[in-house]
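Please consult the sequence and the structure shown here.

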Amino acid sequence: MIAPILLRRVGHIDPESLADYEAYEGFRALRQVLMRRPEQVVEMVKASGLRGRGGALFPTGVKWEAVARQPRRPKYVVCNADESEPGTFKDRVLLEGDPFAVVEAMVIAGYAVGASKGYIYVRGEYHRAYTRLSRAVSVAREAGYLGTHILGSDFSFDIEIRRGAGAYVCGEETALFESIEGKRGMPRQKPPFPTEQGLFGQPTLINNVETLACIPWIVRSGPAWFREIGSPAMPGPKLFCVSGAVQRPGVYEAPVTITLRELIEGMAGGLPSGQEVQAILVGGAAGAFATPEEMDTPLTPEALQAIGVPLGSGAIMVIDHRVPLWEVLRRVARFFAHESCGKCYPCQLGTYRQWEIVERLARGEPLPGDVERLRDIAATMADASICGLGQTAANAILSALEKGLVSVPTPA
Amino acid sequence: MHSPQPERWQQVDEIIQRWATHGRSGLLPCLLEVQDITGYLSPELCAHIARHLRVPEADVYGLISFYSLLYDRPVGRVVLRVCDDVPCYVRGSSELLNALQEALGLEPNKTTADGAITLEVHPCLGRCERAPFVLINDDEIGPARAEDVLARVQAHLQSAPSTLSERAEDPAATEEGTG
Amino acid sequence: MKDQITLTIDGQTVRATPDATIMEVADAMGLSIPRLCYHPHLTPNTVCRLCVVEWEGARTLVPACVARVREGAVIHTASPRVQRARRVILELLASTVDLSESPTLLAYAQAWGADLRRFEAGARRQFPLYDDNPFYVRDYNKCVLCWRCVQTCADDLQYTYALTLGGRGFHSHITTAFNRPMPETTCVFCGNCVAVCPTGALKGKVAFLVQQGTPVPVALWRARPPR
């Protein structure tokens, strides 16, 4: 097992102490970056092969380059800290335990893409993360890591922190922009993409917390080092959120070559005695189920794809054999019905009808044709919804049906 | 009518004036910060905020009704958010929720008759390593047992200052225009 | 004259300007792409998704009202995936909203083979009739949330901002600030929202009363001003 990188400081330093952060490599990457040209920094991120850790796995360097090439000013850097995917809590752990890392990464990003203003959009229910971040930003500003002429350079950059207000959909990047702009958090039709028209209609770099947390390490140790960790398609360390029926639920750092079994039985201590794995919900409510037989699958995107499961945000929810799985599906369906923003019809109506049908199935009182209804809703939401929320809202339920994890009651 | 807590209304006005320069982009943080003091966002308060931030009143209302942490009517001084999503459910949130409902005599998303406690069933709160998890205002309890939660609720009821909305009228009703 | 590009729609090769939308090109070809939220004078909001088409190589279907054509694109306006999406959207709508005064939608339902009763076991959105001013009534049981009224009232035309979307998800609805009666809002009773409503959710007071069977002179008398 490799020593943790992203979690290196978490739990070992005082998250409110700049001195602690500096003593543990803090802000050295920024000093290095300010001596290079912005293009070199973008090149470094590209060469690292880093892919977005929010769930979409988009190549981070490609995004950085696209924003860097935009001639329009101003540009923005946005940190998506609206972590709300069920079973996901890695970003909170980073923000609470190592808030300066995100600040440093954002300044580096701003320098690389030519932005002078950054926003951190923190989930409304993450009170401690918000407090720690606010403190980190003001302390960093006093120390000259933020503001005008950072560390005596020509580069100026500052960060504003915004609180979310209870809407999962605001984790979708364009909905997040709408929210910062003071509107209902409803996703925009893409294109245009944020790199061209993002926050306030301006070119915007938006990255997830964990993605940004990788940046200082890439700068310090180099893209080649980063690529040695993980798999060719998914380099670098990854945080996994193991929850549910395990002895030690928590955030674990591992390369994606780790298998589900190693993660669950090794790192998270396995299930309490007498309990067996019934199913594992991987990737959050928007994810899909893995069966106990699939536990030797590595968590690489390719291997997971072969079993029809997305890596997503890195949520690994372990469900033991005592739990009625329909109750789990009810919660997944309720979640999407509750969190649909209501903008596009497939999701606005589909998530609600899906919930109603899953409730009927969970009660053992389906109507004739309910499974076909579910499948039609699932296909329509996936094909025709505006954003990822609707496009993935049926995945978990469909995967449970397709893998035979639940039996479908026969209509009366 | 004179407000019994003028210094807190002053806080509200300071928040509004600070965000007024941001215009519409200041709306969400302004509403959140004001609500931290007032407990909820009354029509009068919203009209006041709308005027100072130059945002249509209808849009202010549209925003409040979209975000689940914003309230357009009074909620309990203590808001109990019980996570009942998948990881918490696997670790007993249903039993916890039932016990809390019974002890408080509350259905989910309802407030006690005295306006003290609101019970909400919440989507995943992102503290799955501490499941089953409960937020009492911004106080975190997990893994939560019903008796611990109830004891903490009592402590909050005794220590938490009552929100402005329980005592006073809204600023727009008492002082016209601040900016 | 802008540079022409070449693309394929439903097997036909067509030339178009690169800033044209799929809908514009398809309309010119005489293809019938259904549409509901789209209105030529309003900002496209892409909410209804009835105009989605299949663009070969794209992960999802794309809304023809805003997606711009590209050189070499191969587009199908009525592929099986497209047909299913349209059919299911119409079925879901019919289970939620009273479409009885939406002849266009009912015709679409027939054209795309939608079974209007397929989801009828589900909850409908239900609202009281808002009859709060002398000029028009609002029957949101017929509202499909196309947003036209909100946009017309706001930056797309009238700059009056009396209307907003409220709630979210299935419970989204059109409302005023704190759901106040229209005379207590910024509404100037211009009637533009009524004019753009595609489903009879907004209706002139006289038309409404006539529909109720009330003779017009009496109707006018009954439509008295607010208190």
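Q: How many Å separate the centres of domain 1 of chain C and domain 2 of chain C, taken over C-alpha atoms?
A: This is a predicted model, in which local features need pLDDT of at least 70 and side-chain atom pairs count only at pLDDT 80 or more, while totals for chains, interfaces and linings use all residues. Residues are numbered from 1 along each chain as its sequence is written, chains are lettered from A and ligands numbered from 1 in the order in which they are written, and side-chain values use heavy atoms, with hydrogens and water left out. In chain C, domain 1 covers 1-124 and domain 2 covers 136-222, the bounds coming from an automatic or database domain assignment. Taken over C-alpha atoms, the separation of the two centres is 26 Å.

Q: What area is buried between domain 1 of chain C and domain 2 of chain C?
A: Contact (heavy atoms within 4.5 Å) joins 19 residues of domain 1 of chain C to 18 residues of domain 2 of chain C. Buried area is the accessible area (1.4 Å probe) that two parts lose on being put together, summed over both. Carbon and sulfur atoms give 56% of the area here, and the total is about 1400 Å².

Q: Which three residues supply 36% of the area that domain 1 of chain C buries against domain 2 of chain C?
A: The side of domain 1 that touches domain 2 in chain C has 10 nonpolar, six polar and three charged residues. In this classification Ala, Val, Leu, Ile, Met, Phe, Trp, Tyr, Cys and Pro are nonpolar, Asp, Glu, Lys and Arg are charged, and the others, Gly among them, are polar. The three residues that supply 36%, more than any other three, are Leu36(C), Leu42(C) and Glu101(C).

Q: Which residue meets Lys142(C) in a salt bridge?
A: A salt bridge is a side-chain nitrogen of Lys or Arg within 4 Å of a carboxyl oxygen of Asp or Glu. Three salt bridges are found across the interface of domain 1 and domain 2 of chain C. At 3.9 Å from N to O, the partner of Lys142(C) is Asp98(C).

Q: Which helix of chain B gives the most to the side of chain B that touches chain A?
A: The contact comprises 40 residues of chain B and 54 residues of chain A, and the two chains bury about 3600 Å² between them. Five salt bridges are counted here, including one of 3.2 Å (N to O) between Arg334(A) and Asp84(B). At least two residues each come from α2 (27-38), α4 (57-66), α5 (86-90) and β3 (117-122) of chain B, where helices (H or I, at least four residues) and strands (E, at least two) are DSSP runs numbered from the N terminus. With six residues, the element that gives the most is α2(B).

Q: Is Ser179(A) buried or exposed?
A: Ser179(A) belongs to helix α8 (residues 173-180) of chain A. Leaving aside residues up to four places away in sequence, Ser179(A) touches Tyr121(A), Cys170(A), Leu28(B) and Tyr67(B). Because buried means under 20% relative accessible area, exposed over 50% and partly exposed in between (1.4 Å probe, protein chains only), Ser179(A), with a value of 1%, is buried.

Q: Which side chain makes a polar contact with the side chain of Ser179(A)?
A: A polar contact is a pair of N or O atoms within 3.5 Å; within protein, one must be able to donate a hydrogen and the other to accept it, and residues adjacent in sequence count only if both atoms are side-chain atoms. Between chain B and chain A, 22 residue pairs are in polar contact, both residues being at pLDDT 80 or more. At 2.9 Å, the side chain that contacts Ser179(A) is that of Tyr67(B).

Q: Which residue of chain C forms a salt bridge with Glu57(B)?
A: Chain C contributes 14 residues and chain B 15 residues to their contact, which buries about 1000 Å². One salt bridge is counted between chain C and chain B. Its closest N and O atoms are 3.0 Å apart, and the partner of Glu57(B) is Arg180(C).

Q: Which residue of chain A meets Glu210(A) in a salt bridge?
A: Domain 1 (18-228) and domain 2 (234-320) are among the domains of chain A, and their C-alpha centres lie 27 Å apart. The count between these two domains is one salt bridge. At 2.9 Å from N to O, Glu210(A) meets Lys238(A).
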